[in-house]
Amino acid sequence: MKSREILVTNALPYANGPIHLGHMLENIQTDIWVRAMRMAGHEVHYVCADDAHGTSIMLRAEKEGITPQALIAGVLEQHRRDLSEFGVAHDWYSTTDSESNRALTYRIWKALVAGGHTESKPVKQLYDPVKDMFLPDRFIKGECPNCHSKDQYGDSCEVCGKTYNPTDLIEPYSVVSGAKPVEKESTHFFVKLADFDAMLQAWLKEREREGGLQSEVVNKLQEWFADGLRSWDVSRDAPYFGFEIPDQPGKFFYVWVDAPIGYLSSFRDYCAAWNARRPDTPLRFEDFVERDDAERMGTEMVHFIGKDIIYFHTLFWPAMLHGARLRTPTAVHVHGFMTVDGAKMSKSRGTFINARTYLDHLDPDYLRYYLATLLGPTLADLDLDLKAFEDRVNSHVVGKWVNIASRTAGFVHKFFGGKLADALPPEEARRYASAAERLSACAAMFEARDYAAATRLIVEVADEANGYVAEKAPWLLAKDESRRAELHVVCTLALNYFRLLAIYLAPIIPTMAGRVAGGLLGTTLCDFRDADAPLLGREIQPFTTRIDRIDPKKIEAMIEASKESLKPAEAGPVVAGAAAAAGSTVTSAATSKSSPSDPRPAGDGTKAGADSAASIISIDDFAKLDLRIGKVLACEFVDGSDKLLRFELDAGELGTRQIFSGIRAAYDDPPKLVGRNVVFIANLAPRKMRFGVSEGMILSAGSGGADLHLLDADPGATPGMPVK
RNA sequence: GGCUAUGUAGCUCAGCCGGUUAGAGCACGGCACUCAUAAUGCCGGGGUCGGUGGUUCGAGCCCACCCAUAGCCA
């Protein structure tokens with residue numbers, strides 16, 4: 001198959017609250033897709049960002065007594081950490097409150113203005129006379145005009161379900177100040193969607209035909225055309241946290257204008273960083289974004305979103321792009337929502353689970369696996385049934401898959417010096433080929449986002465593997481010395497079944513699959529084609545990597561902790577909204593503690609949000625680093641420190657180096673690291689520590705704490721070799 | 001209220017263009033095995049396919065209406 005170049009995004013989490021399991025559903029779905037497409041040989045760029053603007057953020061920052069910039073910077077850090085610890089491997093994670101996003105937003109707006117696709121007209125809206133601001137519907141409450149329930153929001157009644165206008169409320173009041181809102185007129189700016197009617201209908205049909213849009217999504221959108229596309233109000237009055245509209249002081253872009261543009265500006269920042277590091281193989285932003293370039297290059301742009309934000313992504317977004325002569329999305333993949341134990345996530349039941357709370361108790365790959373068994377290409381909602389979650393992960397992952405290796409590897413070490421057989425006899429070769437052939441269908445299932453089908457197939461083959469082992473009964477063969485060759489073959493095939501399954505499980509449970517396959521077989525899992533031929537004649541390691549079963553006590557503890565976590569957060573009704581939504585306009589228990597920090601740095605094209613991962617350096621800066629391969633000669637705990645490990649590295653021509661590294665939480669068995677090649681900075685100024693002098697720094701990936709992973713070099717790298 | 005979806009064994013789901021006794025996994029019961037993290041293998045019980053009516057030689061699958069659930073309604 002021809003290798004494709006794909007820009008992938010998932011919806012931007014709102015920077016007003018922590019990542020919760022609803023977000024994780026989407027991020028996991030997208031991440032599995034990205035990993036699978038890469039394993040199928042395609043080039044995928046996966047970016048995301050925080051959605052940082054809007055009234056909610058502004059008010060929340062005010063309430064906490066900090067600037068909105070400080071608020072979103074703190075949240076951004078949390079979001080990045082939570083997502084990366086779940087194994088969601090965004091290539092770039094930015095924020096919509098960046099200078100590059102401002103520039104792109106302005107460019108698109110100016111193109112729309114120049115094309116005559118905008119208009120302005122007066123709009124009457126409810127206004128808070130005390131706070132001096134216009135009130136979005138969700139910031140007005142009052143008595144429902146239909147059922148007379150008290151304290152209902154301005155757009156719909158949660159008791160009777162009736163939708164209405166905020167002006168219909170009886171005894172309305174502002175959620176912000178409590179004042180009675182008054183009607184006030186203001187000029188708003190609009191995008192004339194009707195200009196794009198024909199273009200959008202054609203685009204929808206074409207995308208549906210090519211599989212870029214689910215037909216139920218296109219069906220749903222028909223109602224918009226049936227009623228005739230109205231102009232879209234894209235402006236908000238000050239005070240508002242967002243981008244001011246060019247030449248219109250006091251008018252700001254509605255958050256939904258610059259949010260999707262954030263996909264592109266995040267990607268632009270990523271391209272800049274990429275090109276600084278790899279000028280020889282540049283990544284051209286234009287090839288993915290400019291209409292003509294994208295068409296010429298055949299690049300794709302794929303969005304993953306929740307069903308709540310369909311129309312933003314399939315009407316407004318393509319219209320804006322088209323109006324600005326930019327490429328439109330190749331695909332918008334829509335998923336349903338997650339419920340927990342059959343009901344909406346509920347704070348009081350403890351089923352409103354934040355990503356962090358989950359991570360405190362359970363391994364992220366468990367959830368990734370469980371969700372994969374449920375995820376299909378439809379908009380149907382998924383239920384996290386906690387009992388099923390426990391049972392299925394324990395049965396499939398541990399009982400079936402890991403068990404294959406765990407029950408056969410021992411024989412290989414006991415009788416065959418840890419080496420796999422050099423060849424398989426015809427029956428076993430046929431079995432392997434047939435399993436590989438059947439599993440190869442997984443690649444297409446992953447691409448079609450039918451992970452449930454892929455896991456079904458994987459489980460089927462795992463069952464077959466266990467059946468094979470039971471049928472051949474290696475424990476009986478082991479008792480008969482004359483049947484050693486047979487035993488060798490059985491274990492070799494079983495371990496190859498295991499490896500085969502690991503390859504196709506890798507997109508779903510990358511950490512577990514990588515750890516087990518790496519630890520036992522000494523192989524990496526990054527290409528589906530590795531499944532074509534079995535691993536033969538190869539030495540394997542003893543089976544020691546445990547994948548623990550889910551302990552139900554940990555699930556209980558997580559639920560308890562989720563109940564706890566909302567207690568300190570009752571800060572008042574900033575916004576409530578549909579709390580279970582997994583899309584981008586989600587708010588929830590406010591647990592972020594942003595430290596007071598400086599406001600936005602001067603706009604110079606670098607990312608705002610003030611943090612390390614993003615600023616751009618020149619090639620010269622990079623050249624200053626002397627990165628080297630070091631072979632671990634010794635590694636031990638450091639007395640008096642619970643964070644540090646002491647390393648002695650063989651640095652080749654540089655001699656030996658002593659380095660203290662704060663990775664003890666992630667590597668609690670230091671002798672195991674001896675013999676490994678690591679990457680370290682050789683020209684870092686030596687630093688005297690209480691325990692001795694540290695002569696460099698060892699590189700590891702991750703967010704800190706137990707989430708740190710040493711970098712490995714492929715065979716061929718020798719101590720002292722420079723890393724460039 | 002309108003629209004789009006969803007509703008199949010205790011649980012989570014699969015059922016291609018309507019076609020013989022409706023499938024899987026988990027859970028449950030029995031047997032076997034003891035290599036393996038009480039893991040695995042074999043056998044079994046369990047469903048009027050949300051409801052009602054209709055089209056058809058034949059419907060879980062098509063049509064109508066109803067009920068429940070979810071999301072959206074610029």
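Predicted model: local features only at pLDDT ≥ 70, side-chain atom pairs only at ≥ 80, totals over all residues.
**Close-up views of helices and rings**

**View 1. Helix H13 (residues 386-416) and helix H18 (residues 484-505) have axes that come within 9 Å and cross at roughly 145 degrees.** Helices are DSSP runs of H or I with at least four residues, numbered from the N terminus. Each axis is a line fitted to C-alpha atoms over the stretch in contact, and angles run from 0 to 180 degrees between N-to-C directions.

Residues are numbered from 1 along each chain as its sequence is written, chains are lettered from A and ligands numbered from 1 in the order in which they are written, and side-chain values use heavy atoms, leaving out hydrogens and water.

**View 2. Phe-267 and Tyr-270 form a tilted aromatic pair.** Their ring centres are 6.4 Å apart, with 40 degrees between the planes. Rings of Phe, Tyr and Trp (its six-membered ring) pair if their centres lie within 6.5 Å; planes under 30 degrees apart are stacked, over 60 edge-to-face, and the rest tilted. The two residues are separated by about one helical turn because they stand three residues apart in helix H7 (residues 255-277). Phe-267 is buried at 0% relative accessibility (buried means under 20% relative accessible area, exposed over 50%, partly exposed in between, with a 1.4 Å probe and protein chains only).

**View 3. Arg-278 lies over the face of Trp-274.** The distance to the ring centre is 3.7 Å. A charge sits over a ring if NZ of Lys or CZ of Arg is within 6 Å of the ring centre and within 35 degrees of the ring normal.
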